[in-house]
Amino acid sequence: GSPIPVGIDVQVESIDSISEVDMDFTMTLYLRHYWKDERLSFRSNKNKSMTFDGRLIKKIWVPDVFFVHSKRSFIHDTTVENIMLRVYPDGNVLFSLRITVSAMCFMDFSRFPLDTQNCSLELESYAYNEDDLMLYWKHGNKSLTTDEQISLSQFFIEEFSASSGLAFYSSTGWYNRLFINFALRRHIFFFVLQSYFPAMLMVMLSWVSFWIDRRAVPARVSLGITTVLTMSTIMTGVSASMPQVSYIKAVDVYLWISFLFVFLSVIEYAAVNYLTTIEERKRLKKRGKASGVYMDAVQAMAFDGCFHDTDVDMDLAGFSDPCEENEVRTSETNISNVETTRLKRSLKGNVGRIILQNNHVIDTYSRIIFPSVYIVFNFLYWGLYM
């Protein structure tokens, strides 16, 4: 005869977990089937239905609905199997199950973690095609209900919807298929705290080297290397919790650009170091002081790791520079307390001038260019992906 109409309605109890690595989700739901079997009709003076447990299921015909793309599923059996069968006098049947199912969800991480994922759970008859069995939503769009307390740690559930369609198999034909669709929007605050904000701080920390004296080689090099290694650690931590996809994610764009800013701050000091060395050589050769009383700047830097600016050295004659402490220690022992106090006061007045004289033009431009470009990048990034 004609295909048997089987109505379906679903109540979603909970979404237990969503895994980006495995690209699946786990859902617990009540699955209810409605159909009419006149062979089960009976006489009832009060028109009351009869309710049975799962033991009667094996003795009558029931629809063979299964979950398409499911990885694993089970019917709850505590304290007994969560199966209910209700038969009405006119032969209408209600068959209800409480099931937990894990199914595939094909996710797109190109906008991660600013992404919205659309997943669906699909129901279909395994043996009976559309000529034998017709699956449909019992109450239309109202056939899908959810528990109001459903919440997820990383996602906000935007919507639940029910839809239907047909599926074709070359060997067996067309089948009715029902879809439980839901959209998940990711909470970004966790990733702001764990990835974006630390990356911003590391980029800003790398700019501190632009204000450090160019002669302080150990300070600027160690700061640059530390920020580079920290950025590498942040990037590794984000990648470890994500599937190894072949395309670039939004968080990768941000972290790699931030890493590039940190890396360029190290390269910036390499340029300052190199140009300063060349300037030292030219200045010493021009004044004819490359030998004798003045030591070559490159050789001096090799000994103590500091540049020796001749102008500053001449202005601060008799003052103990940190890099020349061993050379002047003997002469300082003969300076009286009054002269020492006068020297300190003179130094305080010349600190600003000394810093300006030792400030390379590249550092001056970097203090403006690096923050400006990074701010523009942030505006473009958040405007594009939000």
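## Disulfide, core and backbone of a predicted model

Cys105 and Cys119 are both buried. In this predicted model, the two residues form a disulfide, with 1.8 Å between their sulfur atoms. The structure holds 1 disulfide. The torsion about the S-S bond of Cys105 and Cys119 is about -75°, so the disulfide is left-handed. The pair links distant parts of the chain, 14 residues apart: Cys105 is in the loop between strand S7 (92-104) and strand S8 (116-125), while Cys119 is in strand S8 itself.

**Overall make-up**

The chain has 386 residues, of which 40% count as buried. Its secondary structure comes to 8 helices and 12 strands. Of the contacts between residues at least 6 apart in sequence, 76% join residues at least 24 apart.

In soluble globular proteins, nonpolar side chains tend to be buried together. Here the largest nonpolar core has 70 residues, and Ile8, Val10, Phe25 and Leu121 touch the most other members. Helix H3 (residues 250-286) gives the largest share of this core, 7 residues. At least three core residues come from each of domain 1 (4-186) and domain 2 (190-288 + 369-385).

What is Ile8 in contact with, leaving aside its neighbours within four places in sequence? Its partners include Leu31, Leu123, Leu135 and Leu178, together with Tyr136 and Trp137. Arg32, His33, Lys138 and Ser143 are also in contact with Ile8.

**Helix H2**

Helix H2 (residues 217-240) has 24 residues and reaches 35 Å from its first C-alpha to its last, close to the 34 Å expected at 1.5 Å a residue. Its buried residues include Val217, Leu223, Val228, Ile234 and Val238. Arg220, Gly224 and Thr227 are buried in H2 as well. The buried residues of this helix pack against helix H1 (189-206), H3 and helix H8 (361-385).

**Phe160**

Phe160 lies in strand S11 (residues 155-169). Is Phe160 buried or partly exposed? Phe160 has a relative accessible area of 22%; buried means under 20%, so this residue is partly exposed. Phe160 and Phe182 are 22 residues apart in sequence, yet 4.4 Å apart in space, C-alpha to C-alpha. Not counting residues up to four places away in sequence, Phe160 touches Phe182 and also Val12, Ile15, Met27, Leu144, Thr146, Ile180 and Asn181.

**Backbone exceptions**

Most residues other than glycine have a negative phi, and most peptide bonds are trans. Several places in this chain depart from that pattern, as tabulated here.

| Site | Backbone value |
|---|---|
| Thr78 to Thr79 | cis peptide bond, omega about 0° |
| Phe112 to Pro113 | cis peptide bond, omega near 0° |
| Met23 | positive phi, about 55° |
| His69 | positive phi, about 65° |

Thr79 is in the loop between strand S5 (70-75) and strand S6 (83-87). Met23 sits in the loop between strand S1 (4-19) and strand S2 (24-36), and is partly exposed, with a relative accessible area of 23%. His69 is found in the loop between strand S4 (65-68) and S5. This histidine, His69, is partly exposed, with a relative accessible area of 37%.

Key:
Residues numbered from 1 in each chain as written. Predicted model: local features only at pLDDT ≥ 70, side-chain atom pairs only at ≥ 80, totals over all residues. Heavy atoms only, no water. Helix = DSSP H or I, 4+ residues; strand = E, 2+ residues; numbered from the N terminus. Buried < 20%, exposed > 50% of the residue type's maximum accessible area, 1.4 Å probe, protein only. Contact = heavy atoms within 4.5 Å. Core = buried A, V, L, I, M, F, W, Y, C linked by side-chain atoms within 4.5 Å. Domains from an automatic or database assignment. Disulfide = S-S within 2.5 Å. Expected span 1.5 Å × (residues − 1).
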